[in-house]
Structure formats: C-alpha cells, structure tokens
Amino acid sequence: MSEEFEFTLPELQEGEVVDVPEILPLMAIRDIVLFPSMVVPLFVGRPQSLKAIEEALANEKLIVLATQKISRIENPKPSDLYPIGTLALILKTLPLSENRLKVVVQVLSRVEIQEFLQTEPFFKVRAIPCKEEEPEVITPEIEALMRSVKENVEKLLSLKGVLNPEIQNVIQSVEEPGRLADLITMYIKLKVKTAQELLETLNGVERLKKISELLLQEIEITKLQNKIQTEAQEEIGRSQREYFLREQLRAIKRELGEFDETETEIEELRRKIKQAKMPKPVEKEAFRQLKRFELMHPDSSEAAVIRNYLEWLIELPWSKSTKDNLDLKHVKQVLDEDHYNLEKVKDRLIEFLAVKKLNPEAKGAILLFVGPPGVGKTSLGRSIARALGRKFVRIALGGLRDEAEIRGHRRTYVGSMPGRIIQAIKQAGVNNPIIMLDEIDKLCRDFHGDPASALLEVLDPEQNKEFVDHYLDVPFDLSKVLFICTANMTEPIPPVLLDRMEVIYLSGYTFKEKLEIAKRHLLPKLIKEHGLKKRSISIPDEVILKIIEEYTSESGVRELERKLAQICRKVARKIAEGEKGPFKVTLENLSDYLGPPEHLEEMRLEKNEVGIATGLAWTPYGGEVLYIEALVLPGKGQLILTGSLGEVMKESAQAALSYIRSRYKELGLDPKFSSKYDFHIHVPSGAIPKDGPSAGVTMAIALISALTKKPVSKDYAMTGEITLTGRVLPVGGIKEKALAALNKGIKNVIIPAKNEKDLIEIPQDLREQINFIKVNHLDEVRTLVIIEGGGEDDGQKRKAT
C-alpha cells in the first residue's frame, strides 16, 4: 500500500445491502491491493480501464478490481491477474484530461473471479462474493490479539506523527478481527505480493495474526527511519550553522582588513595549478578537486587529503626537463674519467646518444646491467647521468613485496601516497631523469601483489607514455625517462619483464684492471675522504697487487676499497698522534696495516693428486674454483654424491660414470668394476648449494683418476658439460671462470671448443696470460690432464695445440 492514497471508511449504514449482479465489468489495477472498508481515489488512463468504468457507470456503478501480477504489463491478459479481487462501488468521477479520469471508489467485499466472459474492449467477468470466516464468539485470546494490534497501530501512527482522535475512535470502535485487519492495512506499507496474500486469507483471526507480525516489523522500520532522519537533519543543521558562522567570520575579517587564510590558500593553489603547465586532462582534474576543496571545511580530514593530492600534482615536473649533452666526445671523456674499461657499456650509451642526436623524439632506453657485486653497476649509472647532464635517482628494489610501492596507494586509504616511480620523478624535479632500479632480481611477491608485474607497464616503452599511478589517478609520461636496472643474475627476473630490457653483462675485473681502478679512482677518493694529502701516503703498484691477490677474493673492488680504506685510517691515526710522514706502504710492512694474508694459498693444490680435479664454476658473485674429489671404495656399484649438489650436477655425475663404464677397456679397468666398488664424489664447501652442468667434465676426470690411480695435473682447470658418449658441450661464464683460475695461479684452462666465440669478450691482456685449450671430447681432456705413470706433470707434453 502507498500512503499517498487518501483512505477513509465507507459510509454505508450498518445492515445496508447492496444488490450485486453476477456479471460485472473488471478493471485491472497496478501496484496496489484494495481491501474492504476502503474509500480510495484511482487515476485511470488505459483505454481498457476507461471503458470498464464507462460500463459500470451505465449500470449499478459496481466494478470488480483485480491487481496485476506484473505491474509493467500495459495490456494484461486474464492470466496476468490475481483470481481474488474486490467489489467496489464508484462514488465519484472527475475528468482530468481527454484520456485521463479520477475515480473515487468504495471497496465493498472480496470476490472470486469465476470466469472471464469478455476481454475486449474491456474485461467482463462472472464473480461471486468470498465467504469470510469470522468467529462467533470473541474469546479472551482473540480479544488480547485485537487489543495488542490496536495499541501497536496507535504506536505506529504516533511514530509517523499522523495519530489524531478521529482515527483513534475509528480503530477502537471496530469489533470484528477480520474487519480490523482490513482497516489496518491502509497504515502499513505492504508489497503487492504480501497484500494479496492477506486479501486471499479469508479467516479473520488468521488475517489479524499476520497483520500483527507485519505491524511489529513496520514499527521497527519506522523507528530506524526516524533515527536516520534525525541524524541527517542534525548533520545538515550543524553544517549549515558552521557555514553561516564561517561566512559571518569572513565578513568580519574583511571589515577589519584581515586576510582569510583559506581563501588565500585556494587562490595560491589555483595560481600554482595554472603555472604547473599540466596536460589539459590533468589540469581539469586539478581544478575539479580544487572546487571540491573550496566547499569543505579546511580542518576536515577529506580537505587534508585533497590538499595533499593537489600539492603532489603541482610539484610534479609535467613540463620541466633537462637538456641532454649530446657531445659524444664529452660523454666518452666523462665515462673514461669515472670508470676504467667497460668499453661495451660505454659504446652502447654513445650509440643511444647518437640516435637521440639524429632523432630527438626517440624513446628512452631501458638497460639492465648484470654482474657480480662491486663491479660498478650503480656508480656507472651515476656517471651516465653526469655525462648526459641529467638528474639521477636511485630506487632500491631489494625485498620489495608490495605492488602499491610501484603503482602507489589509492587515496581511499589512510596515509596513502604515490608509488616509488612518481616519488622519484618528484625528487628529480624533471620529467627526463635517469632512474636506477637497483637489485631488480631481488623483488619478492606475496598476498600484497607482484611488484615485478607492476613494473611491466613502467618498463614498456609502448605503455609508459601514459603511466597511471593509483594515487594520482591521472596519466604521467615516463617515455622520456632513461631507466637503468641492475641485477646479480637474470634467472629470478620474470621472462616477460626481462624481455623489455636490453641486458648488458659486466664481468669481474682482472688483476690489472683492479690495479688501474685502485690507482685512478679508489685511492684518490679515499685519501680525500680521510683528510689526507697525496704526499702523506704512498702505496706502490706491487703492494696493491699483493693486496688484490692475498687480501681479497672477489670479482669487483669493494673488498679492495675496504682494505685501502683500512690503510688510510691507520695512516690518519699516526698523523693525528703526531707522527710525521710521508708514510710508505711496502711489501714488508703491509702486514702491519692489514694483518696476515687472508686468502694466501687458500684451497690451492700443492701437488698432483689422485682423484682430485680442478673445476671452474660460475656464481652470481663471479667465478669460483672447485676442487672436486672422487674415491673408489669396496661395495656394490653405488654412486654417492655429497656437497649440497643440485639435480643437474647429480645427473652430470651419473653421465660421467656411464661414460667410464662404456670405456672400461680403454681405461684398463676390470669389466666388473662397477659391481665391485662404490663411487663417492664430493664437492667441498658442503654447506653451499651448487648446481649446473659446468662440472660434468671435472667430475668425470676425478672419477677416472680415482679408478686408474693416476694423478691429475694441478696446473689445469676445466669446465664443460658432458654427454653419455663423452662429447663436451658449451657452458656460460667463461670470462668469470678464467679470472677465477688466474686468481689461483692456474694458467691452463680447458674449455669446450664451441665456447671459442666467448673469448672475444675477454680482454687481450687476460687472453695473453691464460692458455685456453679448446676440446670437443672428454678423451682429449683425459689425454691432457691425466699423468701417465703417476709422475710429476711434464708441461711440455700437454702444451695446447
């Protein structure tokens, strides 16, 4: 039921009988169910309904009213109407327009539609009155129910503010349960389906019980509605009061000649937005947020959020950029000043600048420097920025696990702010800085999201032109930024992310390169940092080389820098204590500054050993020398592998044993050796996990030596993957492995023949110090390194061809 209808009680006198014909016109009504005892106005506009009203007026003014099951149907069929309706008497009609009529009807009783006799041009039906069931005696239970319902309906009307003495008298005068139930329906908002169920309930007591339940629900809903309205009115009243007070205060300040801080702030923000030279869509959003800010109380929390957001938009360098220094000779000079060697990286940067010089609209490059720690990846990024004349910002990605750190937090969260990329742009103050994403291989992922996936958009030249930070929610052009990423290895980087970057490998330094780096860069910097003068300290080349060989074991120069810094500290202490220099560090007094050598003869073989072969491995921190040991023990042919070996290394050991079993005649072994002995292969440093195919050749040689009881030459280091037939397959990290061998004093390195192409990457001076022996088959390796007769190695016999 809807309260917009004006319901009243019928005015028929008690006992008055209305003669009801059997055949009557029917009018379909929508969104309302009418009950006996109602007088209600209806607005009629459908042609079918108008003709039904016309037919009723021409006879006894009686009409059947039936509710539609689906209100949106314009021309209902008999099946679209409920079978129980009401009989109504037309009291008055009032034309509203040519095709619209207001009809006031008095509902008399329930009727059941027996048959539709006519559907066009209006419904004509055969209907009979429904037999309602009223109790013959009002029992105490029924009386209690009726009193409860009357009290509740008065309570409901009181909550709605429509209770008056007239209505109260009408309610209290009703004595029949069914008639009371029908009367109360006009005060409750009922859904059509619920109201129809009440209409079809012919037992008066049952109908009253249902009404009692619905009445209680309506009271609770009305209480909540009143509470919500009261709170809303209080809030509106408070806001209006504050608004008027602020306006009055503003007027008073104007009269007194005092400025309004809020107005001044808004005007200042408006001026800064215009000066920021934002793109049109961004400027439009900024002014929209400023307009919202004007309507808010300056001390409200939301105003603080919008103020912070506008400040971020204003401070971002939408149109500020630095001009690149495209003088290629100057760039080369700066890079040479800061870094020794690294020619491949320098050439790539100069190529980028050459393209930029010919095509100023070229997109920013995305480079990935991969190499062990301490080789100068981060410092190289700073040098590139200095050479180009660009601003440099570094973002550390190690351990980053939240996607919002890249894309930013949405402004709905407390303490939200833009992501690291936008923060870096703001920090640089220009829209074309060099942004270094350090340690990109150490990103994490968990339930917060995957930062590596978020970087896909940042590092894609086709997408980052319109990078949308979640906090800003407007696009920012990152295509002018030169992104440089660093990593120790490429394996942890997702392939789709790696595909967007140009990978440049930075291998470890040779002794000569470390010496030059120490003389040109490390020592001058450390002397200055420790407050020394150049003449106060002298470290000859041979001393620096000894520090490199015996006090450090690394691919980069960080440990070397720490050792030189230790010397500088001790010299600074001597000067501070009053000693006079200059102080010269010599081979004899070096231990006074650094203590005894830390890596002298570490793991270096002093003589040729049976069952021990020297292998080379690659790690994220540079090359490593591995001394792989093999023992043959009485047993049943079991292969024992120790040293925290991965699956690939285990398979290499199994392949080596299968190769040896296939060549037992050539090796002079007992045909049943594989069932008489157990074979134990161990790779030292057992606590460190190891894996990869590079040790296949070394494990095979160690096992052959142990079985034949012939020693392996200590002057050879080897690397390569083997197959079951003994073929030697290519591996990676040749330069790093060669450096590791040279650091241990091993100058003969056996490599797969197909790795000859990798020798181009090795500096000329390193190639001159190492004798690279290229092999295709394990038989060639065996001939070179296995010493026949068990005597000392004859280097001339094994000189590479």
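The model is predicted, so local features are reported only at pLDDT of at least 70 and side-chain atom pairs only at pLDDT 80 or more, whereas totals for chains, interfaces and linings use all residues. Residues are numbered from 1 along each chain as its sequence is written, and side-chain values use heavy atoms, with hydrogens and water left out. Helices (H or I, at least four residues) and strands (E, at least two) are DSSP runs numbered from the N terminus.

**Helix packing**

- Helix α2 (residues 140-160) packs with helix α3 (residues 165-173) at an angle of about 160 degrees, and their axes are 10 Å apart; axes here are lines fitted to C-alpha atoms, for helices over the stretch in contact, and angles run from 0 to 180 degrees between N-to-C directions.
- The two helices α2 and α3 are therefore roughly antiparallel, on a scale where angles under 35 degrees count as roughly parallel, over 145 as roughly antiparallel, 65 to 115 as roughly perpendicular and the rest as oblique.
- Helix α2 passes α3 in a right-handed crossing, a term used if the near helix is turned clockwise from the far one by less than a right angle, with anticlockwise being left-handed.
- On the α2 side the contact (heavy atoms within 4.5 Å) is made by Lys150, Val153, Glu154 and Leu157, and on the α3 side by Ile167, Gln168, Ile171 and Gln172.
- By class, the contact of α2 with α3 has 4 nonpolar, 2 polar and 2 charged residues, where Ala, Val, Leu, Ile, Met, Phe, Trp, Tyr, Cys and Pro count as nonpolar, Asp, Glu, Lys and Arg as charged, and the others, Gly among them, as polar.
- Helix α17 (residues 511-529) and helix α19 (residues 558-576) have axes that come within 10 Å and cross at roughly 45 degrees, which makes α17 oblique to α19.
- The crossing of α17 and α19 is right-handed, and the residues in contact are Lys514, Ala518, Leu522, Leu523, Lys525 and Leu526 of α17 with Leu560, Glu561, Leu564, Ala565 and Cys568 of α19.
- The contact of α17 with α19 divides into 8 nonpolar, no polar and 3 charged residues.

**Buried helices**

- Helix α12 (residues 377-388) has 12 residues, which at 1.5 Å a residue should span 16 Å, and its end C-alpha atoms are 17 Å apart, in agreement with that value; the expected span is 1.5 Å times one less than the number of residues.
- Because 9 of the 12 residues of α12 are buried, this helix is largely enclosed by the rest of the structure; buried means under 20% relative accessible area, exposed over 50%, and partly exposed in between, with a 1.4 Å probe and protein chains only.
- The buried residues of α12 are Lys377, Thr378, Leu380, Gly381, Ser383, Ile384, Ala385, Ala387 and Leu388, and what covers them includes α10 (328-338), α11 (343-358), β7 (366-370), β8 (392-396), β9 (434-438) and β12 (482-487).
- Helix α24 (residues 734-743) is mostly covered, with 9 of its 10 residues buried, and among these are Lys735, Glu736 and Lys737.

**Single residues**

- Methionine 27, in strand β1, is buried with a relative accessible area of 3%.
- Leaving aside neighbours within four places in sequence, methionine 27 is in contact with Leu42, Val44, Ser49, Ala52, Ile53, Ile63, Val64, Leu65 and Ala66.
- Isoleucine 228, in helix α6 (residues 204-256), is exposed, with a relative accessible area of 56%.

**Backbone geometry**

- Most residues other than glycine have a negative phi, and most peptide bonds are trans.
- Serine 37 has a positive phi near 85 degrees; it lies in the loop between β1 (23-29) and β2 (39-44) and counts as buried at 9% relative accessibility.
- Aspartate 473, which is not a glycine either, has a positive phi of about 60 degrees and lies in the loop between β10 (467-468) and β11 (475-476).
- Glutamate 120 and proline 121 are joined by a cis peptide bond with omega of about 0 degrees, and proline 121 lies in the loop between β5 (100-118) and β6 (123-129).
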